[in-house]
Amino acid sequence: MTAEFVRDRITQLRLQKGVSEYKMSYDLGRSRGYINNISSGKSLPSMVEFFAICEYFNVTPVEFFNEKVSDPNLMRTTLNGLEQLNADDLDLIQRTVERLLKK
């Protein structure tokens, strides 16, 4: 992981949430340019601030750093739904996933 990944991930999650840098800074109780400073590479969040950012996006630190998952909230919601299905329905979904991945 690099500082660039952290900056890009915060930007990606912020855009998915549909908030501006200013609004996110305000929501986190920081100065108006706080998120802009992170996004532009002028600074990085401290660990305490990083955990606050994860909480803001409703993601765990593991989900934040999982670069294979572009939308952690969608992934979690999907997995939670899958847990409620029976074996036949899960088999159907698995076959559908396999078919989609062949494209």
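This is a predicted model: local features need pLDDT of at least 70, side-chain atom pairs count only at pLDDT 80 or more; totals for chains, interfaces and linings use all residues.
**Entry: backbone at Asn58**

I checked the backbone angle of Asn58 and recorded a positive phi of about 60 degrees, although Asn58 is not a glycine.

**Entry: salt bridges**

How many salt bridges does the count come to? I recorded 5 salt bridges. In general, side chains of opposite charge can pair when their charged atoms come close.

I took Glu21 and Arg14 to begin with. Their side chains meet in a salt bridge, with 3.9 Å from N to O. This pair qualifies because the cut-off for nitrogen to carboxyl oxygen is 4 Å. Are Glu21 and Arg14 buried or exposed? I found both Glu21 and Arg14 to be buried.

I turned next to Lys23, which forms a salt bridge with Asp27. The closest N and O atoms of this pair are 2.8 Å apart. I located both Lys23 and Asp27 in helix 2 (residues 21-27), where they are 4 residues apart, about one turn of the helix. Lys23 has a relative accessibility of 39% and so counts as partly exposed. Asp27, with a relative accessible area of 33%, is partly exposed.

I then examined Arg95, whose salt bridge partner is Asp91. I noted 3.1 Å between the closest N and O atoms of Arg95 and Asp91. Helix 7 (residues 87-101) holds both Arg95 and Asp91, and the two are 4 residues apart, about one turn of the helix. Arg95 has a relative accessible area of 48% and is therefore partly exposed. For Asp91 I recorded a relative accessible area of 39%, so Asp91 is partly exposed.

**Entry: nonpolar surface patch**

Which residues form a nonpolar patch on the surface? I listed Leu85, Leu90, Ile93, Val97 and Leu101, which together have about 400 Å² of accessible area. I looked at Leu90 individually and found this residue in helix 7. Leu90 counts as partly exposed, at 34% relative accessibility.

**Entry: helix 1 against helix 4**

I compared the axes of helix 1 (residues 3-17) and helix 4 (residues 47-57), which come within 10 Å and cross at roughly 30 degrees. Helix 1 is therefore roughly parallel to helix 4, because angles under 35 degrees count as such. What is the hand of the crossing in which helix 1 passes helix 4? I recorded a left-handed crossing.

**Entry: the loop between helix 3 and helix 4**

Gly41 has its place in the loop between helix 3 and helix 4. I checked Gly41 against Arg7: they are 34 residues apart in sequence, and their C-alpha atoms are 7.1 Å apart in space.

Ser43 is likewise placed in the loop between helix 3 (34-39) and helix 4. Is Ser43 buried, partly exposed or exposed? With 29% relative accessibility, Ser43 counts as partly exposed. I checked Ser43 against Glu63: the two are 20 residues apart in sequence and 22 Å apart in space, C-alpha to C-alpha.

Conventions
Residues are numbered from 1 along each chain as its sequence is written. Side-chain values use heavy atoms; hydrogens and water are left out. Buried means under 20% relative accessible area, exposed over 50%, partly exposed in between (1.4 Å probe, protein chains only). Patches are made of residues with over 30% relative accessible area and no salt bridge: like charges are joined within 9 Å, nonpolar side chains (Val, Leu, Ile, Met, Phe, Trp, Tyr) within 5 Å. Accessible areas come from the Shrake-Rupley method with a 1.4 Å probe; for residues, only the protein chains shown count as cover. Axes are lines fitted to C-alpha atoms, for helices over the stretch in contact, and angles run from 0 to 180 degrees between N-to-C directions. Angles under 35 degrees count as roughly parallel, over 145 as roughly antiparallel, 65 to 115 as roughly perpendicular and the rest as oblique. A crossing is left-handed if the near helix is turned anticlockwise from the far one by less than a right angle, and right-handed if clockwise.
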